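Q: Got a model open here and want to go through the packing. Can you walk me through it?

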Amino acid sequence: MFPNKQTVTAVVGGKTITIETGRLAKQADGAVLVTAGNNMVLVTAVSSRRESTLDFFPLTVEYQEKFYATGKIPGGYFKREGRPTNQATLTARLIDRPIRPLFPEGYRFETQVVATTLSYDGTFPLETLASIGASAALHISDIPFNGPTAAVQIARSGGQFILNPSAQQLESSDMDVIVAGTPNGILMVEGETKFVTEADALEALKMAVESMKPVFAAIEELRKLTGSKEKRAFTPYKIDEAFEKEVRAFLQPKIHAALRIREKQARYGAGDAAKKEADEKFVKTITDKDTAALRKKDLGLIVENLKYEVARSMILDDKVRIDGRDMKTVRPITCQTALLPRAHGSGLFQRGETQVLGTVTLGTGDDEQMIDSLGGLLKRKFLLHYNFPPYSVGETGRMGGQSRREIGHGNLAERALKPILPDFEKFPYTIRVVSEVLESNGSSSMGTVCSGVLALLDAGVPVRGNVAGIAMGLIKEGDRVAVLSDILGDEDHLGDMDFKVAGTREGITSLQMDLKIDSVSLQVMETALAQAKEGRLHILNEMEKVISKPRGEISQYAPRIETIKIKPEKVREVIGSGGKVIKGIIEQTGVKIDIEDDGTINIASADPLMTKKAIEIINQIIAEAEVGRVYKGRVVKLMDFGAFVEIMPGTQGLVHISELSNERVRQVSDVVNEGDEIDVKVLDIDRAGRIKLSHKAAMMNQ
């Protein structure tokens, strides 16, 4: 039925991954179905035949979560998949980052990779399948791509590494790291760990490198089976040689001088001025409009090339960075807390020309985020939101909505902070951290980690340790290598690596690495990890000069949460029919109440007196009658044989007519009426829970 169908397999960590092509989406330039057990992802790749006029490579990667993949109908009013979730966006970034550096320099044809989940049972990470699928689809197509790449997810439980773990295995793991690479080495790292040492992290990376080898072989085999399509002819744009020689001679000293200016805006200003001079001298004198347009394009490329060459030469040859630092020195750090009077916690972190304001808001269970995901309904008690406004880099731009970059940076910082947060049972708050990047010149995501810790300490959150983050860079020319600590924005742009590491004094909590070259060796990774630890400890020392421990109490504006525990079978009584009882408590006291099925009740209010009152009411509701005790009750119903009296909310007993008085009673109404308050004594509680009361016995006790 499908004569062109081809299938290959690779075994990674004892699990078989199948890559198939020729059956689905055959009109795409490349399409593969990647399967592991009941988990299936379809990945397609298409590249336009018409060159774009944009001055960058227009690559887009989309990851689509389909709820039919798990046999579910989406929640919400429209009952169809809507905008991508944050997790889907993060997965799209994980697919994008390893493949982007492997397209040829100057390729300007619009290219789109689309990964669609078709089946998922939680036993294999879809991110890994999608990343492998993107590489395979591109590799078997005629799209220029210097692949293949592969990806693997690594967890560790009980000291043992697990390759491509299930969702259940991740729950007990102290490591969740995704590694992508080429046959030559590592290309991308993304993950979180629970205070893992640098040595253990390196061991995981070594295992990743080895485990990806069967995948490379399988993708190469699939390409051969499909006929090894010849890649499209592509001729990169070439700068006019005579023009370049003349302009370079003019601009070289000016660009070199500009890159020696330490202050970012002044440096950019000097570079722009040099470019404007060259434009006036070499471009505006050209009378032919078409030629002038080409030379203007050439000028822009020449300036960028010169910046790239000069900056890298300064580091490798002169051992001096753009701002005058050596390879390991961290920029000057300034910290401040308690800036905002009404926020529950705030911290300002400045490192060089990167400035981040972190805030903390403490909420109740009502503030948890509910997410309808493929794995089921998720509740998030910790949220970190990262904002990067255009003014932070001295520019104008569109405001509103989160970009993929903001979502990715926020996720990295959230992963860094999550391991230090207290258990919810001990600190029953929903915690929201917001990062406002006010200035940026490199590594605002690591600035977010640092400002977030300052804000958490200021808010009085009992964290398990303090975290700091640092961004490492790399300049590599042949055998010459320089690893840079605390990189500037220009060093990120002109360098070969952006490697972010966050952690405490004890170990790493999150890490992320992206490359612009084919790969790096494990030796370079080891050097970068060691240098990152040195920088991280320095930053922690600077932060702890300002605040090192959580403040003794939370903000006066934060809700106070009291936790009580009741018997699970009493939960229904506190809630009441249709929520009537609990709504009544809330109306009386103005508190917020969260009740768990296990009997845990969290009561939140800014007024401690109202919290106390709510607890008293709940205790009355769940209180159980004691034999021999006297209660003041209210008559709720009269019968011929006696009166029913409510001694506690929801708890009634019977006063038999013979127990109403020491004298003979002809009619119950001769002694009591509905609504009367009387003292009663508990005589007995039978096995069915029926309570026998006595008014005359209570009177005798007085």
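**Aromatic pairs, sheet and core**

A: Starting with the aromatics: Phe 57, Phe 103, Tyr 107, Phe 109, Phe 145 and Phe 234 are joined by ring pairs into a cluster. Keep in mind that this is a predicted model.

Q: How many aromatic pairs are there in the whole structure?
A: The search finds 11.

Q: What kind of pair do Phe 57 and Tyr 107 make?
A: The ring centres of Phe 57 and Tyr 107 are 5.6 Å apart and the planes are at 65 degrees, so this pair is edge-to-face. The cut-off for that label is over 60 degrees.

Q: And where do Phe 57 and Tyr 107 lie?
A: Phe 57 is in the loop between β4 (39–51) and β5 (59–64), and Tyr 107 is in the loop between α1 (86–99) and β6 (109–119), so the pair ties together parts that are 50 residues apart in sequence.

Q: Are those two buried or exposed?
A: Phe 57 is buried, and Tyr 107 is buried as well.

Q: What about Tyr 386 and Phe 388, how are the planes set?
A: Their planes are at 15 degrees with the centres 6.3 Å apart, so Tyr 386 and Phe 388 count as stacked. Tyr 386 is buried, at a relative accessible area of 0%.

Q: Which charged end sits over the ring of Phe 388?
A: That of Arg 405, at 4.2 Å from the ring centre. There is also Arg 342, whose charged end sits over the ring of Tyr 557, 3.8 Å from the centre.

Q: Switching to the sheet. What is the strand order in the open sheet of 5 strands?
A: The order is β11-β12-β13-β17-β16, and the pairing is mixed.

Q: Which strands stand at the edges?
A: β11 (333–337) and β16 (382–387). Each has a single partner strand, so one side of each has no neighbour in the sheet.

Q: How much are neighbouring strands turned against each other?
A: By 15 degrees on average, with direction ignored.

Q: Now β12. In which sense do β12 and β13 pair?
A: Antiparallel, over 7 bridges between β12 (residues 345–351) and β13 (residues 354–363). Gly 345 is opposite Val 360 of β13, and Arg 351 has Thr 354 as its bridge partner there. The two strands form a hairpin with 2 residues between them, and Gly 352 in the turn has a positive phi of about 60 degrees.

Q: And the pairing of β12 with β11?
A: β11 and β12 are antiparallel too, over 5 bridges. In that pairing, Gln 336 is opposite Leu 348 of β12.

Q: How many residues of β12 are buried?
A: 7 of its 7. Gly 345, Gly 347, Phe 349 and Arg 351 point one way, while Ser 346, Leu 348 and Gln 350 point the other way.

Q: Which helix lies across β12?
A: Helix α10 (residues 444–458) lies across β11, β12, β13, β16 and β17 (430–439), at about 145 degrees to β12.

Q: Last topic, the largest nonpolar core. Which residues touch the most other members?
A: Ile 19, Ile 431, Leu 456 and Phe 499, out of 122 residues. Helix α2 (residues 126–140) gives the most to this core, with 9 residues.

Q: What does Leu 456 touch?
A: Leaving out residues up to four places away in sequence, Leu 456 touches Val 360, Leu 417, Ile 420, Leu 421, Ile 431, Val 433, Val 461 and Val 463. Another core of 20 residues lies apart from the largest one, and includes Val 247, Val 283, Leu 306 and Met 314.

Methods: Residues are numbered from 1 along each chain as its sequence is written. This is a predicted model: local features need pLDDT of at least 70, side-chain atom pairs count only at pLDDT 80 or more; totals for chains, interfaces and linings use all residues. Side-chain values use heavy atoms; hydrogens and water are left out. Two strands pair if DSSP finds at least two bridges between them. Helices (H or I, at least four residues) and strands (E, at least two) are DSSP runs, numbered from the N terminus. Axes are lines fitted to C-alpha atoms, for helices over the stretch in contact, and angles run from 0 to 180 degrees between N-to-C directions. Contact means heavy atoms within 4.5 Å. A nonpolar core is a set of buried Ala, Val, Leu, Ile, Met, Phe, Trp, Tyr and Cys residues joined through side-chain atoms within 4.5 Å. Buried means under 20% relative accessible area, exposed over 50%, partly exposed in between (1.4 Å probe, protein chains only). Rings of Phe, Tyr and Trp (its six-membered ring) pair if their centres lie within 6.5 Å; planes under 30 degrees apart count as stacked, over 60 as edge-to-face and the rest as tilted. A charge sits over a ring if NZ of Lys or CZ of Arg is within 6 Å of the ring centre and within 35 degrees of the ring normal.
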